[in-house]
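Here is a short briefing on one model.

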Amino acid sequence: MQKPRLSRRQFVATTAAASAVMIAAPFVRGARAAGKLAIGFWDHWVPGANDTLTKLVNDWAAKEKVEVSIDYITSQGNKNRLTIAAEALAKSGHDIFAFPTWEPQAYSKYLEPVSDVMEPLIKQHGQVNATVEYLGRADGKWIAVPATVGSQIKGPCSRIDLMKKLAGVDVQALYPAGGPPKADAWTLDAFLKAAEACHKAGASFGIGLGITSDSVDTAGAIFHSFGAALVDKGGKIQAKSDPVRQALDYLKKLAAVLPPDAPAWDDASNNKWLISGKGALIMNPPSAWAVAKRDAPQVAEQCWTHGMPAGPKGRYAPFLPYFWGVWNFGKNKPAAKSLLAALSTREAAEKMVAASGGYDLPSFAKLTDFKTWAEEGPPKGTLYHYPNPHNHQILSVAAAPAPPKIAAQIYTQGVQTKMVVRHLQGEAMEKTLAWAESECEGFMRT
Amino acid sequence: MVDAAIRAEGVKSGARKRTSLRRMMQRKSTIAFFMALPLITLISLLVLYPAGYSLHLATLNKSMERFVGFGNFTFLFTRETFWMVVQQSCIFAITAVIFKALIGFVVAHFVHNIPAKGQRKWRGMLLVPWVIPPAMSCLAWLWLFDPSYSAFNWLIALFGGDPVPWTGNTYWARFSVILVNIWIGAPFFMIMYLAALKSVPEQLYEAAAIDGASWWQRIWYVTLPMMRNIIAITALFSLIVTFANFDIVRIMTAGGPIDTTHVFATWSFRVGIEGADIPLGASVSLFMVPILTVAAVFILRDITRRGNES
Amino acid sequence: MSRDRTWALRWSYFFLVLFAIFFLVPPIYMLITSLKTSAEISAATNPWWVFHPTLGNYIQLLTSNQYLTFFRNSAVVSVFVVAVTMLISVPAAFALSRMRFWGSATLATGVFLTYLIPETLLFLPLFKMFAVFNELTGIELINHWWILLIVYPTLTVPFCTWIMIGYFASIPKELDEAALIDGAGWIQTLVMIFIPVALPGLIAATIFAFTVSWAQFLYPLAFTTSADQLVLPVGIITSLIKGDVFNWGQIMTGALLGAAPPLIIYAFLMDYYIAGLTAGATKG
């Protein structure tokens, strides 16, 4: 108890200062903490990206004399979500955890508020988008810090050659590298037409209709483009509404020209589809392109990551943030918060973006101009539009704006993609809507 | 085996040492109890107690703070998915067991037919699926069924066929998980039947041959009646295991597409652990109990009957 | 008659070959894929042929700490579980088959019936029980590999006890009576006489316990989550399969290596294994 404990006020003061000061001012260890920190990070899909994060943490740890241990936990098979559930139930485990999209809300009562970390960061790096606020705040407090690592926009990744040849769409003209998009003609109708043309020529769009996030995100963004929400902000079920009907109708037409086993696809299937050279477009962050660069370079050279098509109610892109949260039963909360601040500096973010080949996205407005995105290739500039630099699309998450606990269920049970598959397989529209309504009723359980 | 314990112990002979024997008998039951104590502890603490505890969990609300009685069950009854899971579990278990039994029987016959010195080799090869941990072999199947890289579809395409959506639509996905289940389970039946075939006395076949019985009649009138017990027991056990199967479905399809391949275990995992609704998950698994009870009754009857025979 | 016999034999071989193909295709395909590079797999060449064989996948896995950790965890867990299982089930089987005490008949039947309660019914309550246990005592069990030493025996002990009861029952009564009259105690009788005589049964039970613990999937999936606590089946499925990365060569290698220990054991001890499997059937 002799060692001075960092007070909240001091701490805020420290983090509010510029990051350089933050790193320079040594973190004072808490009396009980004994300087240990256990971290559960997301196991990155881009080879080598974990190492950079490990190095950043170790640098911080060496400076602060904190003993850290890092576990990289995959999201495949929901392993990370299982771990979170287990730790919440057992009230023990890691100190910091990388929470996928919905988990901070689901476990908000076990999370240490981090407004004292977030507020200075926002002041420094600019605003975060509405989706991050929706997912990362509960009861007026920030419950988690948006992580650079793992956060992603799932826009289209197209084959330049196939799109030009089969569908007559020049994606590089729509989204020129280094300049603002000229994509007014890039609408859902144009998208559907291209999908049909490519399907006819044997290079279907590789969009899954499963219940893992890649599939759900695409369906969710298209729902948003029609202004369709299954449950509204107030928690009222809106499954039987016209926007939902329009969205479903559109998705059915789209699904008809997707690969026949799209309903069984998981997050890896679309990548394999692209890498195998079978498809003209997938909806994925740049990891598929990065792996293609290694295993199928002739495919990678033709890939172009760009924006979503616009619908009647706007141009929505699926944004899937990861969060770093601090368990409130953790034993070293001040150290944990200090690390989160250290990982959120511009320099740290830039390193993570570079290490992930541009995959990772900081959530702050002023952090979308790193040169990684402009320079990655081949083809050079393929990632320029990935971080949405000209703000021409609205970043959204499927099932928003329902109350987060309900939305999380809609999302994880893949209600929207299941609706598409049901309707696609011949179930009448109204029957599908009734089914969705009953599912949503089930999610109201407490 | 169990009858040995049920039957009275015959140590009462040896009249000369009666007194010392009696003392030992008194000590014996104590020693025996202590020798069985770890077993009793293990079963009651980690099997019986949790089994009862799941009953209790099933009566709580989602956040496990409130008693809701049959609330979870009535909720389940209103769920379309639940009824589909019931249906799929039955289809899955029954079809798989029937085909496992058939294939096992046929293969056992062929192995039994060939000269004895080659039998060991064939038996070894055919037992491989049963020995590989299911989680590992399912990965091979998963890769064989992969949407973009299916090796089966490659062969089909070679002969000009259309690619099959192995895990993509409901019927094929159900077919695929059942196929994998049969693949893993059939060797077990084969081994059991082979052992049974070996225990059928050769004279019975000779007698049948003298009577001019055809190949089919020999199977129908000699082999099958002799094997009836083993077929019944093996099928019953396999039914229980298949009904409660988890890994195959979990790895192959994770329940998809649109939940149509979920069985009780996988769906219970999905709602219980992944959906963070432990009481509902427990309620789902409790629906396996009626089936298990029926199985238990049959097996108990069999045991007691055998006990009486000896 | 002999012509008939030859034809029956030919047909038998023909169908056996067909079934062997059906039974062996997945493992063979695992081997084929494990010898390919990622580039060859992604090029989607003939999936049944290796054009540029490589041992790269094997070398990578066998030098990766993570995979070796899974392997070590699996080995440690399985060995300990086998030991615990034998320590519990052999004395119990002896007591139940040779010595009587109040309720022993019921218990013998009960052991048999526990086999009917599948693990899928138990994992949720067990999970909650361990969480409560942690709250009460502060001892963390969830997410440590040793929790498997507690839960696996529930799967192995009933079956092994059952097999051992069968083997002990087949030993002539005169043997232990003679030993007892000679003044040997019960424990001595078990150790000195029964265990040596029932050795084949013991081996069968050991193989069982080992294969069951090596192959278990649900319990480790539910109870362990950190990468350094995982056993092979769960480790391969959750760590080698990375959503966006294309490494099926490695996955197949991992699965094949993971399947190797039971395959090797069974190649040497197949007859015991089969004797164990069919013990109930032939002696029942």
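At what angle do helix α3 (residues 49-64) of chain A and helix α17 (residues 346-355) of chain A pack? The angle is about 160°, and the axes are 8 Å apart.

This is a predicted model: local features need pLDDT of at least 70, side-chain atom pairs count only at pLDDT 80 or more, and totals for chains, interfaces and linings use all residues. Residues are numbered from 1 along each chain as its sequence is written, and chains are lettered from A and ligands numbered from 1 in the order in which they are written.

**Helix pair**
- The angle makes α3(A) roughly antiparallel to α17(A) (over 145 degrees).
- α3(A) and α17(A) form a right-handed crossing.
- From α3(A), A:Ala49, A:Thr52, A:Leu53 and A:Leu56 meet A:Ala348, A:Lys351, A:Met352 and A:Ala355 of α17(A).
- By class, the contact of α3(A) with α17(A) has six nonpolar, one polar and one charged residues.

**A:Lys333**
- A:Lys333 sits in helix α16 (residues 333-343) of chain A.
- A:Lys333 counts as partly exposed because it has 19 C-beta neighbours inside 10 Å (20 or more would be buried, 12 or fewer exposed).
- Beyond neighbours within four places in sequence, A:Lys333 is in contact with A:Glu112 and A:Val326 (C-beta atoms within 7 Å).
- A:Ile96 is 237 residues from A:Lys333 in sequence, yet their C-alpha atoms are 8.7 Å apart.

**Chains B and C**
- Chain B brings 84 residues to the contact and chain C brings 88 residues.
- Helix α2 (residues 18-57) of chain B gives the most to the chain B side, with 19 residues.
- That side of chain B has 67 nonpolar, 12 polar and five charged residues.

Technical notes. Two residues are in contact if their C-beta atoms, placed from the backbone, lie within 7 Å. Helices (H or I, at least four residues) and strands (E, at least two) are DSSP runs, numbered from the N terminus. Ala, Val, Leu, Ile, Met, Phe, Trp, Tyr, Cys and Pro count as nonpolar, Asp, Glu, Lys and Arg as charged, and the others, Gly among them, as polar. Axes are lines fitted to C-alpha atoms, for helices over the stretch in contact, and angles run from 0 to 180 degrees between N-to-C directions. Angles under 35 degrees count as roughly parallel, over 145 as roughly antiparallel, 65 to 115 as roughly perpendicular and the rest as oblique. A crossing is left-handed if the near helix is turned anticlockwise from the far one by less than a right angle, and right-handed if clockwise.
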